[in-house]
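Grab a viewer and a pencil. Here are some exercises to work through, each with a solution spelled out step by step.

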Amino acid sequence: MKKLWTAFLFTALITSGCSSDAVKEDDKNKVVSAGEKPYNRSCAGCHGADLTGGAGPDISKVGGKSNEKEILKIIKDGKGMMPGDLLSDKDSKAVAKWLADKK
Ligand code: HEC
């Protein structure tokens, strides 16, 4: 479903040019927070810049599944193929808090 939506956005961009609503919609989802920067640096490579996954699973709704504490544990310890300890304590907390809001 996410892939379809992406394809739709992409098509909308091509067919309606630069001033399309799709761009505005995209900007709305980009709320800059303390957790976003370290995420982009250390996590986006596997989970995607938009959290919808890649080498790692889609975590765009991970807050509905795990709370901040559980996410922090995953960041610290890693999980399966995911390496732990990628971030400092401070950044780990900020990213966990940020992801816990993704529902
Ligand atoms: C090398 C690729 C890789 C990197 C880098 C990576 N992850 Fe992951 N991540 C994974 C994989 C693979 C899984 C699935 C693990 C499993 O369930 O076996 C995962 C699982 C997760 C989960 C649990 C998802 C769920 O549905 O329960 C969270 C949360 C998560 N990662 C957050 C992060 C954060 C935050 C970072 C940056 C600090 C990060 N990941 C960096 C590959 C990665």
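Predicted model: local features only at pLDDT ≥ 70, side-chain atom pairs only at ≥ 80, totals over all residues.

Residues are numbered from 1 along each chain as its sequence is written, and side-chain values use heavy atoms, with hydrogens and water left out.

**Exercise 1. The fold**

Work out how many helices and strands the protein has.

Solution. 
- Step 1: take helices (H or I, at least four residues) and strands (E, at least two) as DSSP runs, numbered from the N terminus.
- Step 2: count them, and you get 6 helices and 0 strands. Along the sequence that reads α-α-α-α-α-α.
- Step 3: check burial, where buried means under 20% relative accessible area, exposed over 50% and partly exposed in between (1.4 Å probe, protein chains only). Of the 103 residues in the protein, 31% are buried.
- Step 4: look at contacts, meaning heavy atoms within 4.5 Å. Among those between residues at least 6 apart in sequence, 49% join residues at least 24 apart.

**Exercise 2. The iron site**

Find which protein atoms are donors of the iron atom of the ligand, and explain why the arrangement is octahedral.

Solution. 
- Step 1: donors are N, O and S atoms within 2.8 Å of the metal (3.2 Å for Na, K and Ca); water is not among the atoms, so sites may look incomplete.
- Step 2: the protein supplies His47 (NE2) and Met82 (SD), at 1.9 to 2.1 Å from the iron. These two come from distant parts of the chain, 35 residues apart: His47 sits in helix α4 (residues 44-47), and Met82 in the loop between α5 (68-77) and α6 (89-100).
- Step 3: recall the cut-offs. Four donors count as tetrahedral if all angles lie between 85 and 135 degrees; four count as square planar and six as octahedral if opposite donors are over 155 degrees apart and all others between 65 and 115; anything else is irregular.
- Step 4: the 6 donor atoms around the iron subtend angles of 84 to 179 degrees, so the arrangement is octahedral. For reference, ideal angles for six octahedral donors are 90 or 180 degrees.
- Step 5: compare accessibility. His47 is buried at 9%, while Met82 is partly exposed at 27%.

**Exercise 3. Helix α6**

Check the span of α6 against what its 12 residues should give, then find what its buried residues pack against.

Solution. 
- Step 1: the expected span of a helix is 1.5 Å times one less than its number of residues.
- Step 2: for α6 that should be 16 Å, and its end C-alpha atoms are 16 Å apart, which agrees.
- Step 3: buried residues in α6 include Asp91, Trp98 and Leu99. The buried residues of this helix pack against α3 (36-42) and α5.
- Step 4: zoom in on Asp91, buried at 19%. Leaving aside neighbours within four places in sequence, Asp91 touches Pro38 and Arg41.

**Exercise 4. Salt bridges**

Find how many salt bridges the structure holds, and go through some of them.

Solution. 
- Step 1: a salt bridge is a side-chain nitrogen of Lys or Arg within 4 Å of a carboxyl oxygen of Asp or Glu. The structure holds 4.
- Step 2: Asp91 and Arg41 form one of them, at 3.7 Å from N to O. This pair links helix α6 with helix α3, 50 residues apart. Arg41 is exposed at 59%.
- Step 3: Lys73 pairs with Asp77, with closest N and O atoms 2.7 Å apart. Lys73 and Asp77 are 4 residues apart in helix α5, so about one helical turn separates them.
- Step 4: Lys76 and Asp85 meet at 3.6 Å, N to O. Lys76, Asp85 and Asp89 are linked in a network of salt bridges.

**Exercise 5. Positive phi**

Is Leu51, a residue with positive phi, buried or exposed?

Solution. 
- Step 1: Leu51 has phi near 70 degrees and lies in the loop between α4 and α5. At 6% relative accessibility, Leu51 is buried.
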